[in-house]
Amino acid sequence: LQISGLCWSSLCPHRVSDLYGRMGLTRITPICGYLMKRRVVCDRLMTTAMFIEDIDHLTGERRWRVVDEDYDLAQEIARSGFADMLHDTQRNRMFDQALRAVIDEVHRRGERAHVLDIGAGTGLLSLMAARAGAERVTAVEVFKPMADCAKKIISASNYSSIIELISSRSTDLSFEDMNAKPNIIVAEVFDTELIGEGALRTFKEAHQKLVVKSCRVVPSSARVWILPVQSDFLTHFHRTPSQNLRTPFADCPGAAAIFDVQLSQLPRESIKMLSEPFIAFRFNFEDGNSIK
């Protein structure tokens, strides 16, 4: 597919959708960072391909590239952060403890625990909820390769009769799809900056459409802390190591990207703290009305 005079990297997803609409490509479906295009002629599926987002290493810009329908999505999963999350023992232990506490609280009120797991991935948190005593778990995962993986794992577990897997976005669901409103939400829809993966919209719409008013949420709240620092060491992440290099890139500031670096990984003497840490944002995920 060639379009004269247009650069794919300059098109945001909704503009791509508008463009395809004018070309007869009738549907663009966003899937967890990917865009899948489908061309429908006379109600028949004629062609299928996908857009994969990657980085142009010459310019540092994000771009979309077209891949064939038989593209190995397993490789994308292997290069993603799914494995790191699954092996994050501290994170998993805290989710498990929180689920046990919230499910016990619901039972003490004389209610059955119905857990909605948003962004279920491989189904780990759904299995934790079922093991903790939830009578029903609805797991929602939009990324089909992960949903297929979760389906196999859940089917092989002792909790297949408790967990229902729905391959969809939570924002596309209604409570009719689940036949009843859950009273607990568990979700791991956070990134390094906390809310970059659409966490606020996810929780807000879940409260509005999917769950009971007194729904408990795991995690229930979050805070974003900021600590201004000065560091020549970190500055060099965006500049060439020597000012004596006579190249066109000597003053290049590099890509405006975020480096996922923990302070504990850096030499203490390489960082000067400019103030005490302070809270920039607070979020209460159990209060849908407070989420903007």
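Of the protein's 292 residues, 34% count as buried. The model is predicted. Its accessible surface comes to about 18,400 Å². Carbon and sulfur atoms own 52% of that surface.

Now look at the architecture. The protein has eight helices and 13 strands. Residues 24 or more positions apart account for 62% of them.

Find helix α7, which covers residues 199–209. Which residues of α7 are buried? They are Ala199, Leu200, Thr202, Phe203, Glu205, Ala206 and His207. An α-helix has 3.6 residues a turn, so residues three or four places apart point the same way. What covers the buried residues of α7? The cover includes four strands: β5 (114–118), β8 (184–187), β9 (216–218) and β13 (278–284).

Lys209 is also part of helix α7. Is Lys209 buried, partly exposed or exposed? Buried means under 20% relative accessible area, and exposed means over 50%. Lys209 has 33% relative accessibility, so it counts as partly exposed.

Now see what Lys209 touches. Set aside its neighbours within four places in sequence. Lys209 is then in contact with Thr171, Leu173, Phe175 and Lys181. Take Phe175 from that list. Phe175 and Lys209 are 34 residues apart in sequence. In space, their C-alpha atoms are 6.6 Å apart.

Thr171 is another of these partners. Which atom of Thr171 does the side chain of Lys209 reach? The side chain of Lys209 reaches the backbone oxygen of Thr171, at 2.9 Å.

Note on methods
Residues are numbered from 1 along each chain as its sequence is written. This is a predicted model: local features need pLDDT of at least 70, side-chain atom pairs count only at pLDDT 80 or more; totals for chains, interfaces and linings use all residues. Side-chain values use heavy atoms; hydrogens and water are left out. Helices (H or I, at least four residues) and strands (E, at least two) are DSSP runs, numbered from the N terminus. Buried means under 20% relative accessible area, exposed over 50%, partly exposed in between (1.4 Å probe, protein chains only). Contact means heavy atoms within 4.5 Å. A polar contact is a pair of N or O atoms within 3.5 Å; within protein, one must be able to donate a hydrogen and the other to accept it, and residues adjacent in sequence count only if both atoms are side-chain atoms. Accessible areas come from the Shrake-Rupley method with a 1.4 Å probe; for residues, only the protein chains shown count as cover.
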